Amino acid sequence: MAADAELTPSSYIQHHLTFFEKHVGDGGFWTLYVDSIVTALVVGVVAIGFLWWVVRGATSGVPNRRQAFVELAIEFVDEQVKGIFHHADRDRLVAPLALTVFVWVLVMNAMDFLPVDIVSGALGAIGLHEWRLVPTADVNTTFALSLSVWVLMIGFAIAAKGLGGWLHELFCAPFGMTDLSANPLKWIAGTLLAVANLLFNFIEYVSKPLSHSLRLFGNMYAGEIIFLLLWLWASTGLVGTFAGTLLGWGWAIFHILIVVLQAYIFMMLTVVYLSLAREHH
């Protein structure tokens, strides 16, 4: 408390806004956002642990409601993967990965359904005044997820084509290559094509994690902003209270679709990227 008393109002706010930022090393580039990490890990362990618990106790007879729900979720994800990924290791790795991604992103998105005033009051009671409750509304979380998929995509490509084949594809697709013979003109043309292929592949490799992460972050962050604007409308008077409540409930219903749809899109793009990585060009 003594340290806080010495802070100016602006530095006090900045102090609490950065309370959960833990810098690794001397610079600020590599920063761990503790609130997003902890929330993501907790809801992920709970959701995946629930699936494991239900599957572990599954029976071959008439399933109960929990088992039926989990079986429907697993069958739904498996059918989506079958329609995209046509390689041998689908059941061993890709389908379980897709299920994990879908469930994890879904429960992180679903944290937006919790009443923010009740949750913030409970967290404030234990001293957590700036806790971020929706991990996917933090661009660092979505980038971490997309970069993990990006690393898997490169690993899949190297496993399928070999390191030499993957590097060859970077310089030879999509425009192909000419014969680098002793003819100077052919050598120049081949070099230009190799540079053009590398540039196009570089753009593709950079754009995939960017679009993958920013799509999820943008939708979830914008949803939170719209909620705040609608509820703040209630502070303008009786008309604002009525309009904000009506539109807020309408947006809440629509936001349920957004939460599920964004988890589905993130899962499908993950499967598409892994499938494309296994294709030979």
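User: What is the numbering, and what limits apply to the model?
Analyst: Residues count from 1 along each chain as its sequence is written, and side-chain values use heavy atoms, with hydrogens and water left out. The model is predicted, with local features needing pLDDT of at least 70 and side-chain atom pairs pLDDT 80 or more, while totals for chains, interfaces and linings use all residues.

User: How many helices and strands does the protein chain have, and what makes a run count as one?
Analyst: There are nine helices and two strands. Helices are DSSP runs of H or I with at least four residues, strands are runs of E with at least two, and both are numbered from the N terminus. The order from the N terminus is α-α-β-β-α-α-α-α-α-α-α.

User: Why is H8 called roughly antiparallel to H9?
Analyst: Helix H8 covers residues 184-232 and helix H9 covers residues 238-278. They pack at an angle of about 170 degrees, with axes 10 Å apart. Axes are lines fitted to C-alpha atoms, for helices over the stretch in contact, and angles run from 0 to 180 degrees between N-to-C directions. Angles under 35 degrees are roughly parallel, over 145 roughly antiparallel, 65 to 115 roughly perpendicular, and the rest oblique. So H8 is roughly antiparallel to H9.

User: How do the residues of the H8 contact with H9 divide?
Analyst: They come to 17 nonpolar, 10 polar and two charged. Nonpolar means Ala, Val, Leu, Ile, Met, Phe, Trp, Tyr, Cys and Pro; charged means Asp, Glu, Lys and Arg; the others, Gly among them, are polar.

User: Why is lysine 161 called buried?
Analyst: Lysine 161 sits in helix H7. Its relative accessible area is 14%. Buried means under 20%, exposed over 50%, and partly exposed in between (1.4 Å probe, protein chains only). Lysine 161 is therefore buried. Its C-alpha lies 7.7 Å from that of arginine 278, 117 residues away along the chain.

User: What makes phenylalanine 69 exposed?
Analyst: Phenylalanine 69 belongs to helix H4. Its relative accessible area is 54%, so it counts as exposed. Valine 54 is 15 residues away along the chain, with 9.6 Å between the C-alpha atoms.

User: Why is glycine 176 only partly exposed?
Analyst: Its relative accessible area is 22%, so glycine 176 is partly exposed. The residue lies in the loop between H7 and H8. Beyond neighbours within four places in sequence, glycine 176 is in contact (heavy atoms within 4.5 Å) with Leu193 and Asn197. Alanine 194 is 18 residues along the chain from glycine 176, and their C-alpha atoms are 8.0 Å apart.

User: What class does leucine 114 fall in, and which residues is it in contact with?
Analyst: Relative accessibility is 38%, so leucine 114 counts as partly exposed. Leucine 114 is in the loop between H5 and H6. Leaving aside neighbours within four places in sequence, its contacts are Val119 and Leu133. Leucine 133 is 19 residues apart from leucine 114 in sequence, and 8.8 Å apart C-alpha to C-alpha.

User: What makes a set of residues a nonpolar core here?
Analyst: The set holds buried Ala, Val, Leu, Ile, Met, Phe, Trp, Tyr and Cys residues joined through side-chain atoms within 4.5 Å. The largest such core has 45 residues. Val77, Val81, Phe85, Val105 and Met267 touch the most other members. H9 gives the most to this core, with 10 residues.

User: Which residues is methionine 267 in contact with?
Analyst: Leaving aside neighbours within four places in sequence, methionine 267 is in contact with Val77, Gln80, Ala98, Val101 and Phe102.

User: How much of the protein chain is buried?
Analyst: Of its 281 residues, 32% count as buried.
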